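Open the model in your viewer and keep the selection panel at hand. The tour goes from one selection to the next.

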Amino acid sequence: MTNRTIDNNRRKFLKQAGAGMAAVAGAGMVPLRSYADDTLVVGMNIPMTGDYAPWGLPGLYDCEIIANNINAAGGVEIGGKSYQIRVAAYDHAYDTEKALQGFKKLVLEDDAKMVMMLGGSTVASVLPWATRKKVLTTTLLPSDITPDSDYLFATCESHPLYNVTGVVWLAQNYPEAKKAVIVTNNDAEYGLQSAATYKAAFEVAGIEVVDVNLHGFDVTDFAPIVSSVLAKNPDIFCMATSFYVTPLMEQLYHQGFDGKIISCTLDYYEEIIAKTSEEFVNGTIYQFPDFDDPMLNNEGIHFPDPGGFDAAFRKDHPNDWSAVAWEYPAILLNWIENAQRVGSGESEDVAKYLRNNSQNFVFGGGDWWGSQLWGLDHALVGRWPVVVIENGKARIQEYGDLSAWLADHTEVLVRHMKELGLRTV
Amino acid sequence: MELLVQTMVNGIIQSGFYALAAVGLVLIFGVMKVVNFAHGELTMVGAYSVWFLHAQNDMPFLLTVVTAVVLVAMIGLLMERFLFRPMTDSPLGGLICSIGVLFVLQVAATLVGGEGPSKQVPPPYEGTLVLFDMLRIPYQRLFSFAVAATTLGLLWYFLTRMRIGWALRAVAQDREAASLQGINSNRMSMIAMGVGAAMAGLAGALMAPLTNINPHMGHNVIITAFIVTIVGGVGSLPGAVIASVLYALFHTFVTTYFSGTIATISGLVIMVLILIVRPSGILGKRVTE
């Protein structure tokens, strides 16, 4: 073999290898699946199976309703051009590796302009890549925000900050209730964040917390937990973002608790009533309305036709309404609104606009908040509903002013977060 | 005093579920020498059956409990015939097969029940028994405990008073010697698996109205069953029952007076200590090769 032949072979090899590497690298840069130019894809990287599915799947159903309605009406006009909206979803089953895989798939293959997520460890797992690639991402847990998470926003749910509004309402309406117990799961993402917030809210309201019972996810029998805290004779039983609201309510019922019950969520409360009684569940205070509530037609609500939306959902999914059912759609609508304002659906453009402009919060008001606790003002807070079960049905009692509470009591909240070992700046 | 008595009652009632789950596991291991990792999932299938038949399709509760027991027993029989029997000489093979069944049953539950939230079954026996104005026991828990205790009593009678029960115990003690006495060990394995699975199904069916039902609920059941089995003595049925009562009381008292997390950690620590100090458990027999 001559030197010339060897050179030719080497060049051929290098050329082919170079082309191959370019193709591989390019695959990471260019969306593999392209939709029509007039389609904007929004991603949902959420749990659709497993324990967390109730806080993912109903949101997908509702986003599809919203997208179908928009598309049927001719789409949305952004930057002088009309677009159809397509929702691309990935089920990460609350697994961090799957979450990252799904996030990349939505961005690289589906060309998602914005990715909605539930929050917690699944958001933490995608955050470095999302930030590096400047992908607009939303979470329902503002505690995911870090000083460096420039592209992460909580534009709808400000979990668990809004829980303070329930406590304020309880203290105003039941001033005789002075001793509270808190029961929740001992995870840092949902349970502890919520427990710290409730502790702060109770302190501000002058209510003594006589016991905080943090339990693991392996509990099969809630009788001893409930017996234990009821032995402290509380006036208020508080479930701080508990995954076990139904068995806890059942035990409260059987063990004869007749005080006030306050909870972050009360998903599938009809099932709780079926397992206890309507009389027992009536009066329970929580934070997530049904969307057929007449109070959602009040002035200042930034959600189109809540009643029609509720009816459309329940027609196809009669038993699936949960706390998050309206939240992902609210985020989607907020994103469309901002994309229209900025005249672009691109992640960087919308993220920049979000950072620098005030927003209309779904229940009214709307201030960017979070730097005092998490390092960036990327959590949108505003009015939040206080919901009470009346005659077996969730009904909004009032809209609490979360912004005002935070303006006055942030230092109390930060102290309680620190006491429970939670990350603060 | 009130809390003490209530905690005692809570613990005793809980022991019924623990015992049902653990005794089935012990029976299967004793006769077949297979650690059935899918035992928790058999419990889950029992609970799902009640959800599907009673809560979704209005079948009477007692009938659904019986159906659940029969269904899970049939699954057990199929496992024995097609998975464990071909692996008779390979305990590791049986264990791996049972892990496979675990996943299959979890997926099957998802297919039947769909995705989404845990399933709930409204309790067919509503209300609460109040004693001395201080002790409160829901009728549903009382019913479940009564059925569990009766079933364990019947199992004891079956194993100690009936010829077939003696044969089962003989196979558990020494499979080869039992065969030499004319006992069909394959048939005994089938009975052990059927009875063990039926008890797991019964535990799940009784728990259904009292717990969150989801495809992964078997995980906690199997951990508890392992703790109880090891503490009681691997292969010992009376040991499993005694350990169930002790562990349920221990777990309930620690949960009530300290926390559920400490209770679970302590339970696992006790299991490890038993393995170190007395590997044969409370009533297990020391075996020398």
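Start with the open sheet in chain A: six strands, in the order E2-E3-E1-E4-E5-E6, with mixed pairing. Strands (E, at least two residues) and helices (H or I, at least four) are DSSP runs, numbered from the N terminus. Two strands pair if DSSP finds at least two bridges between them.

This is a predicted model: local features need pLDDT of at least 70, side-chain atom pairs count only at pLDDT 80 or more, and totals for chains, interfaces and linings use all residues. Residues are numbered from 1 along each chain as its sequence is written, while chains are lettered from A and ligands numbered from 1 in the order in which they are written.

Next, select the edges of the sheet, strand E2 (76–78) and strand E6 (152–153) of chain A. Each has a single partner strand, so one side of each has no neighbour in the sheet. Which residue of E6(A) is the bridge partner of A:Thr137? Pick A:Leu152.

Now show helix H12 (residues 327–342) of chain A. H12 packs on the sheet and touches strand E1 (39–46), E2, strand E4 (112–117) and E5 of chain A. Contact here means C-beta atoms, placed from the backbone, within 7 Å. The direction of H12 makes about 40 degrees with that of E2(A). Axes are lines fitted to C-alpha atoms, for helices over the stretch in contact, and angles run from 0 to 180 degrees between N-to-C directions.

Colour chain A by domain. Domain 1 is 39–160 + 299–381, and domain 2 is 163–286 + 385–419. These bounds come from an automatic or database domain assignment. Between the two centres, taken over C-alpha atoms, lie 27 Å. Across the boundary, 19 residues of domain 1 of chain A are in contact with 18 of domain 2 of chain A. On the domain 1 side, strand E12 (367–369) and helix H14 (371–374) of chain A each supply at least two residues.

Last, show both chains. Here 32 residues of chain A are in contact with 27 residues of chain B. Select strand E8 (208–215), helix H7 (223–230), helix H8 (245–254) and helix H9 (269–275) of chain A: each supplies at least two residues of the side that touches chain B. H7(A) gives the most to that side, with five residues.

Terms used. Two residues are in contact if their C-beta atoms, placed from the backbone, lie within 7 Å.
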